[in-house]
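Let's take a walk through this one together. Have the sequence and the 3D view ready, and we'll go stop by stop.

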Amino acid sequence: MVTISCSCGSVCDSRRNPLRGLDVAARLDAVRSAFAVHDGFLTLELDAAWHPGGDEPGPACVVLVDLDELDACDGLSAEDAASVRAALRGIRVAGRTMPGPVVVDGTWFRVAPAQGFVPHVTYVVHDADGTVLEVDEPLVERDLLAELVDEFGRSGRPGLVRLDAVAARRSLAGALDEARRAVAVAVA
């Protein structure tokens, strides 16, 4: 069973699997261009014909389906299913590969697809004392996870706590830029 949801709020559980009946090449194409892939789970954008519930879709509706690897491999041979499962490893958002988790001195830095109907990612930093930073961001060309790790090396946990507060008002990229400017001014 798959879950189909729309940005308008309509949701349904369906026994219809949008990948069922597709060959392995078509499924692999769907995985590569998926809205989001996160360690064995897949979110695909569907056309308006899949709109859940009894309401007609509006022009702003975004219809998504969430599948696990069992749904994504349903009906495939063992060899083809292994190919699809391999493609579902790692993290991708809007077809773009995201970096894997990084651990520095017991502090975890992660990026994952954000919940919602736009291609955003969530950056999370946590350690033994709890969550240090959690920010939803639109996709950007910069490697913000690497920049977070660098900032942690410069200013430790307190610096990341400050980043979290600034990012809530601006953006994570803006907060990182501001932190870098502050260091440059202090050095000068």
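**A tour of pockets, sheet and helices**

Let's start with an open space: the largest pocket has 17 residues lining it, and T43, D66, P113, A114 and Q115 are the ones that lie nearest its centre. Keep in mind as you look around that this is a predicted model. The volume of this largest pocket comes to about 340 Å³. Which elements give two or more residues to its lining? They are strand 3 (36–38), strand 4 (41–46), strand 5 (63–68) and strand 9. Sort the lining by class and you get 11 nonpolar residues, five polar ones and one charged.

Now zoom in on strand 10 (residues 120–127): eight bridges join it to strand 11, and the two run antiparallel. If you'd like a landmark there, find T122, which stands opposite D136 in strand 11.

Helix 4 gives the largest share, seven residues. In total, 12 residues line this second largest pocket, with E151, R162, E178, A179 and A182 nearest its centre. It holds about 170 Å³ of space. By class, its lining has six nonpolar, two polar and four charged residues.

One last stop: a pair of helices. Two packed helices are described by the angle between their axes and the distance between the axes. For helix 1 (residues 24–32) and helix 3 (residues 78–87), the axes come within 10 Å and cross at roughly 5°. Angles under 35 degrees count as roughly parallel, so helix 1 and helix 3 are roughly parallel to each other. Where they meet, helix 1 brings V24, R27, L28 and V31, while helix 3 brings D80, S83, V84 and A87. The residues of this contact divide into five nonpolar, one polar and two charged.

How values were computed: Residues are numbered from 1 along each chain as its sequence is written. This is a predicted model: local features need pLDDT of at least 70, side-chain atom pairs count only at pLDDT 80 or more; totals for chains, interfaces and linings use all residues. Side-chain values use heavy atoms; hydrogens and water are left out. Two strands pair if DSSP finds at least two bridges between them. Helices (H or I, at least four residues) and strands (E, at least two) are DSSP runs, numbered from the N terminus. On a 1 Å grid over the protein atoms alone, a cavity is a set of points where a 1.4 Å probe fits but cannot get out, and a pocket is an open set with protein on both sides within 12 Å along at least five of seven lines; lining residues have an atom within 4 Å of a point. Grid points are joined across faces, edges and corners, and a volume is the space filled by probe spheres set on the points. Ala, Val, Leu, Ile, Met, Phe, Trp, Tyr, Cys and Pro count as nonpolar, Asp, Glu, Lys and Arg as charged, and the others, Gly among them, as polar. Axes are lines fitted to C-alpha atoms, for helices over the stretch in contact, and angles run from 0 to 180 degrees between N-to-C directions. Angles under 35 degrees count as roughly parallel, over 145 as roughly antiparallel, 65 to 115 as roughly perpendicular and the rest as oblique. Contact means heavy atoms within 4.5 Å.
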